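Dear colleague,

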Amino acid sequence: MSEREVSRRGLIGFAGATVAVGAAGFAGGRASAAEASDGADGSGNGATATGPTQQNAPASHPFYGTHQSGIVTPAQDRLHFAAFDVTSTSRDDLVALLTAWTAAAAELTAGRPVGGDPTSYDSPPNDTGEAEGLSAARLTLTFGFGPSLFRDAAGKDRFGLAARQPVLLKRLPHFPADALDPQRSDGDLCVQACADDPQVAVHAIRNLSRIAMGTAALRWSQLGFGRTSSTSTTQQTPRNLFGFKDGTANLKAEDPAMLDQHVWVGAGDDPKADWLAGGSYLVARRIAMHIETWDRASLREQENLVGRDRPAGAPLSGGTEFSEPNFATKGREDKPLMAMNSHVRMAHPTQNGGVRMLRRGYNYTDGNDALGRLDAGLFFLAYVRDPAKQYIPMQTKMSRQDGLMEYLQHRASALFAIPPGAAQGEHIGQALFS
Amino acid sequence: MNLSTRSRLSSAVLAAGLMCTATACTTNNPGGVTGGGTQAAGGSGALTVSSTDTECKVSAATAPSGNIVFSVTNDGSKVTEFYLLADDGLRIVGEVENIGPGLKRDLVVKAAPGKYFTACKPGMIGDGIRAPFTVTDSGADLAATGADKELVDTANQQYASYVKDQTEQLSAKTAQFVAAYRAGDDAKARSLYAVARTHWERIEPVAESFGDLDPKMDLREADLEPGQKWTGWHVMEKDLWPPKTGYQALTTAQRAAMADQLTADTKTLYDRTRSMTFTVDQIGNGAKSLLDEVATGKVTGEEEAWSHTDLWDFQANVDGARVAWEGLRPILKKKDAALDASIALKFSALQKLLDQHKQGDGFVTYDKLTKAQVKDLSDAVNALSEPLSKLAGAVTL
């Protein structure tokens, strides 16, 4: 066996292990994928051998499972998100692409190169190579379908799928203060690549884009360099670019009942789109932050706009990070400690009819603009069972009333239906096509 | 994970790990959407070769028919080569050359059942260190193995004729163009510019293979080095479609000098291509290079910055790539029919798109295209380029 056939993870995944054990690690991914049918992360995906760094985090996440991985999977540190336009008019081509993507995703998430056997010296290699020698980096690949996959702008059925378009899968409405760039919005297909190593995430999107050529073309993509949410109680709450802890009240993998209620589409939710049961909806919003003006705001203003203190992330009504905010608590002059326009008050479930989201966003910076201002912000990603109930009303309210909006601008928007996970031998979204 | 799971896992891991060695870690991944087609249809064998200055150690003396991979490592001190030879000991089934000391390179061959020889050639001289090698019947479909010499010769001759024909037409059209340009008949020169260049663009990789001619004939202003004299097509392009401000038109004498230079360089190109010969991998790579030209220069509108006649060049590059592929089709159809079908489909899709921008005998100028139209063209170029990049490998396997 040559070195090249040993998986990347096999070589590196077990830090400090001998070469022989490293080679065995190659097979480890397969053996455990077959053996472990239900993972500890509540995703229904089996988890592979324990990684070297985080005690509770597996070194890789298997691709196949009840739900797609990359949703309740503990949020990895880096993101490369991509949206595609389907350029072919053939349904067979689309199915062939999803089949090829599924095979490639199983390889990539296991830390193996794409495409199998070595090719002739006179051919371009199947795998682009930049991830060789790197671990699987807990890569997850999550695929989704945009409304435009079902019907084009004129309402025409593109691939014989229109009858099965989910009722809730339509372009998000225009919210007040939106300044959307159509080139960076929407898309027929999406792939969310999350990994602890940015090179592994980019490698995945690059190879999937290459496989898609001739059937689908990259429409837009977004890099995220730092997670802004934790999706597991084992993770610390990270900070967004405003410097505040974000996603404290997020849904967590450890609460499957809440996930069933708020994230996973139920079997009877949409009879025409029964293929989506076990899946979810993904809201993607590119939210630019006016970094420079924010940095000039007093800490008093910053904390009042957010509704939490900056050092610990505790609600201003008192307590610690995970204390429930008390919106009734009042201070001097009988004013509420949690300001009426504070972000936490606007977004809190108790102020929104109990709706929750599973947030999975990332901080981004795309260099700077021509005026020397950072082009930075939050690439907001949220998984919900019902966008019409769980996102649209809240965003409508927030875009008008959230005090933070002074420092924010929504610049891109997309909504995707996220099919359930694929079983071995199936391709992603297979139920939609059968 | 509890302890019992862990121990169960490790034994499974161990067993699978051993199995992996025995079956050489083959995967069942079907590969790309377009059916790249270099994977074996049936059994697949991976072998290692250690080539030292005195030995040629092959990990096994037998392999199942189908795609066989020799991972050759040069463990010696001299540059080495590795060959798989037919049972006559003469015909080369597959080879990897120029492996420097310490380097590793894969030889992928599609081999039918039969007797062969393996050979390492440290120092690249002599008959090499040979050993018999047997390919057993795996039942894999091997309709086309080895290069059909007659088909290869035909393809090479056809392409050489095409290059000769295009340089003849280039000479004739260039003569008309420079005559008009020299005479100050700008309208006529403008109408002939893109037409004459078509014949250059169709064989661009061949023309570019002459490192002395290409910069003299086809250099863009943006590519000039400090102190370098700018000559060729694009000087005259700028002079015929001058910028509105800040441009000093060439004098009659300067025009004549440019015209003479281009005529002389075209004559040199013509002379050199009379007796050129090609190999199938050169033709295959030429087709890919032409599409690369489109992807990097034409689709961005950089090539014809003043005349905006990029779509003429675009079409000519595509024409040239198509001719190269068509010449190789008899070989490709036998070796990888799926790849051939994919290329055929993508050529026609791209042509359909190009046809939408036709106007009279030519095309609309590139500055008239919308961003969305450029994106569509770019997507179609990518769609064709991916399978086309596998052409050279497929016809030489």
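**Surface and make-up of the two chains**

Chain A exposes about 17000 Å², and carbon and sulfur atoms supply 53% of that area. Please bear in mind that this is a predicted model. Of the 434 residues in chain A, 58% are buried. The secondary structure of chain A consists of 11 helices and 10 strands. If one takes the contacts in chain A between residues at least 6 apart in sequence, 73% of them join residues at least 24 apart.

Chain B has an accessible surface of about 17800 Å², with 54% belonging to carbon and sulfur atoms. Here buried residues account for 49% of the 397 residues. Chain B contains 12 helices and 11 strands. Among its contacts with a separation of 6 or more, 69% are between residues 24 or more positions apart.

**A residue in strand β1 of chain A**

A83(A) lies in strand β1 of chain A, which covers residues 78-86. Is A83(A) buried or exposed? Its relative accessible area is 0%, and because buried means under 20%, A83(A) counts as buried. Leaving aside residues up to four places away in sequence, A83(A) touches D186(A), G187(A), L189(A) and C190(A), then A217(A), L218(A), R219(A) and W220(A), and also F416(A). A277(A), by comparison, is 194 residues from A83(A) in sequence, and the two are 22 Å apart in space, C-alpha to C-alpha.

**Helix packing in chain A**

Two packed helices are described by the angle between their axes and the distance between the axes. In chain A, helix α3 (residues 91-109) packs against helix α4 (residues 198-212) at an angle of about 155°, the axes being 10 Å apart. α3(A) is therefore roughly antiparallel to α4(A), since angles over 145 degrees are counted that way. The crossing of α3(A) with α4(A) is right-handed. On the α3(A) side the contact involves L97(A), A100(A), W101(A), A104(A) and L108(A), and these meet H203(A), A204(A), L208(A), I211(A) and A212(A) in α4(A). Sorted by class, this contact of α3(A) with α4(A) has nine nonpolar residues, one polar residue and no charged residues.

**Helix packing in chain B**

In chain B, helix α3 (residues 186-202) takes part in a packing with helix α2 (residues 149-182); the two axes come within 8 Å and cross at roughly 160°. α2(B) and α3(B) are therefore roughly antiparallel to each other, and their crossing is left-handed. From α2(B), the contact draws on Y162(B), Q166(B), Q169(B), L170(B), K173(B), T174(B), Q176(B), F177(B), A180(B) and Y181(B), while α3(B) contributes K188(B), A189(B), L192(B), Y193(B), V195(B), A196(B), H199(B), W200(B) and R202(B). The residues of this contact divide into 11 nonpolar, five polar and three charged.

α3(B) also packs with helix α6 of chain B (residues 233-240), where the axes come within 10 Å and cross at roughly 145°. This crossing of α3(B) and α6(B) is left-handed. D186(B), A189(B), R190(B), Y193(B), A196(B) and R197(B) of α3(B) meet W233(B), H234(B), E237(B) and L240(B) of α6(B). The classes in the contact of α3(B) with α6(B) are five nonpolar, one polar and four charged residues.

With kind regards

Methods
Residues numbered from 1 in each chain as written. Chains lettered and ligands numbered in written order. Predicted model: local features only at pLDDT ≥ 70, side-chain atom pairs only at ≥ 80, totals over all residues. Heavy atoms only, no water. Axes fitted to C-alpha atoms, helices over the stretch in contact; angles between N-to-C directions. Helix = DSSP H or I, 4+ residues; strand = E, 2+ residues; numbered from the N terminus. Parallel < 35°, antiparallel > 145°, perpendicular 65-115°, else oblique. Left-handed = near helix turned anticlockwise from the far one by under 90°. Contact = heavy atoms within 4.5 Å. Nonpolar A, V, L, I, M, F, W, Y, C, P; charged D, E, K, R; others polar. Buried < 20%, exposed > 50% of the residue type's maximum accessible area, 1.4 Å probe, protein only. Areas by Shrake-Rupley, 256 points an atom, 1.4 Å probe, with all protein chains shown as cover.
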